[in-house]
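Biologist: Can you walk me through this one? I'd like to start with the sheets.

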Amino acid sequence: MNLAEISTLLLHGESGHRNSFTDGYFFDSGILYGNLDAEISRIICGIDVGAEEIITTDRFKTNACSDLLLSHHPEGRFARGILNVIDCQRTLLLSMGLQQKKIDAVIDKLKTELIAHYNSCNLLRIESFCEMLETQMMCLHTPADTLAKEYLDSLFENHDLTLGSIISRINLIPECKISEKFCGTKSEILFGSGDDKAGKIFFMVTGGTSLPNELYENLSDSGVETIAAQYFSNSDIETAKKCGINVISLDHIAIDSLGMNLALDAVRRKGIPIIPISGFISVDRT
Ligand SMILES: [Fe+2]
């Protein structure tokens, strides 16, 4: 398969139209550097890819193989693409029952902060490493995160479950079991007790950034009783407590790996080997 075919498969899935969101969905994902016609024989996949991984991939090169270095977290112009991806949150929050006006006010403010942030960043750094070492590189962020969210949503459609039973089930996901075994990390309840009913759960694992504090109260008003996410600041946890929302901290790297594996199964089925690097936990579900 050539780079263009692999990129299409990773971004759009085998059906060619795998996406729940339309606005900004792909802005943080795509080919950062490479030749679309190049035949790819291996994918070296990592969660965070920087100069170390690009140099490692270069050292790993053989004459017989043409590698694609794949990063989950976006780099270069795809990092700035988060600015567009957060528009996905408007759709996501609308689907949770929040009001459009409130969502727009908060997301617009967040976008202004992000514009200031990314204008201060050196976005060509990683791409220039790739160019110098002729390393083909791609990022796959929100499409993979969305697969992980859909997986978690489908596991917990039943709102009668307790927080304890949800945690136990999440920690049985193969990526989570491996992460606990080797790193000791696992998903945990940060607020609420194991016997509490979870009620309506919001899995905040896509959309490019964590949920702004200003929206917790609206989330509670819309009937959400539990929020589960990969990152919480202290102020997120305090705000959730004030709003009476249970908090589940998900194992970030395990859940990122889950989303990547769900996307990578399409290329595994085409016989392309996946070599893990940079914390990625490879699990083959084909
Ligand atoms: Fe992540």
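Modeller: Two terms before that: strands count as paired when DSSP finds at least two bridges between them. Helices (H or I, at least four residues) and strands (E, at least two) are DSSP runs, numbered from the N terminus. The model is predicted, so local features need pLDDT of at least 70 and side-chain atom pairs count only at pLDDT 80 or more, while totals for chains, interfaces and linings use all residues. Residue numbers start from 1 along each chain as its sequence is written.

Biologist: OK. In β7, which residue is the bridge partner of K200?

Modeller: V224 is the β7 partner of K200. Strand β6 (200-204) and strand β7 (residues 224-229) run parallel, joined by 5 bridges.

Biologist: What's the strand order in that open sheet of 4 strands?

Modeller: The order is β5-β8-β7-β6, and the pairing is mixed. β5 (188-191) and β6 are the edges, each with a single partner strand, so one side of each has no neighbour in the sheet. From one strand to the next, the twist averages 25°; axes here are lines fitted to C-alpha atoms, for helices over the stretch in contact, with angles between N-to-C directions from 0 to 180 degrees.

Biologist: Which strands does helix α9 lie across?

Modeller: Helix α9 (residues 163-170) lies across β5, β7 and β8 (246-249), and runs at about 15° to β8.

Biologist: Is β3 buried or exposed?

Modeller: Buried: 5 of the 5 residues of strand β3 (residues 67-71) are, so the rest of the structure largely encloses that strand. Buried means 20 or more other C-beta atoms within 10 Å of a residue's own, exposed means 12 or fewer, and partly exposed is in between, with C-beta atoms placed from the backbone. Both faces are covered, with D67, L69 and S71 on one side and L68 and L70 on the other.

Biologist: And how many bridges does β3 have with β2?

Modeller: Strand β2 (residues 42-46) pairs with β3 in the parallel sense over 5 bridges. R42 has D67 as its partner in β3, and G46 has S71. On to strand β4 (residues 136-139): β3 runs parallel to β4 with 4 bridges, and the β4 partner of L68 is Q136.

Biologist: Which helix makes a β-α-β unit with β2 and β3?

Modeller: Helix α2 (residues 51-60), and the unit is right-handed. The test is this: with the strands pointing away from the viewer, the path from the first strand over the helix to the second runs clockwise.

Biologist: Which residues of α2 are buried?

Modeller: E53, I54 and T57. Down the axis of α2, the buried residues fall within an arc of 100°, so they line one face of the helix; the arc is that of the directions from the helix axis to the C-beta atoms. A51 and R59 are exposed on the other side of α2. The cover over the buried residues of α2 includes β2, β3 and α7 (125-133).

Biologist: What is F129 in contact with, leaving aside its neighbours within four places in sequence?

Modeller: F129 is in contact with A51 and I54, contact being C-beta atoms, placed from the backbone, within 7 Å. F129 is found in helix α7. F129 is buried, with 22 other C-beta atoms within 10 Å. C-alpha to C-alpha, F129 and A51 are 6.8 Å apart, and they are 78 residues apart in sequence.

Biologist: Last topic, domains. What does the domain assignment give?

Modeller: Domain 1 is 3-141 + 255-274 and domain 2 is 148-252; such bounds come from an automatic or database domain assignment. Taken over C-alpha atoms, their centres are separated by 24 Å. Contacts link 22 residues of domain 1 with 22 residues of domain 2. On the domain 1 side, α13 gives the largest share, 7 residues.

Notes. Two residues are in contact if their C-beta atoms, placed from the backbone, lie within 7 Å.
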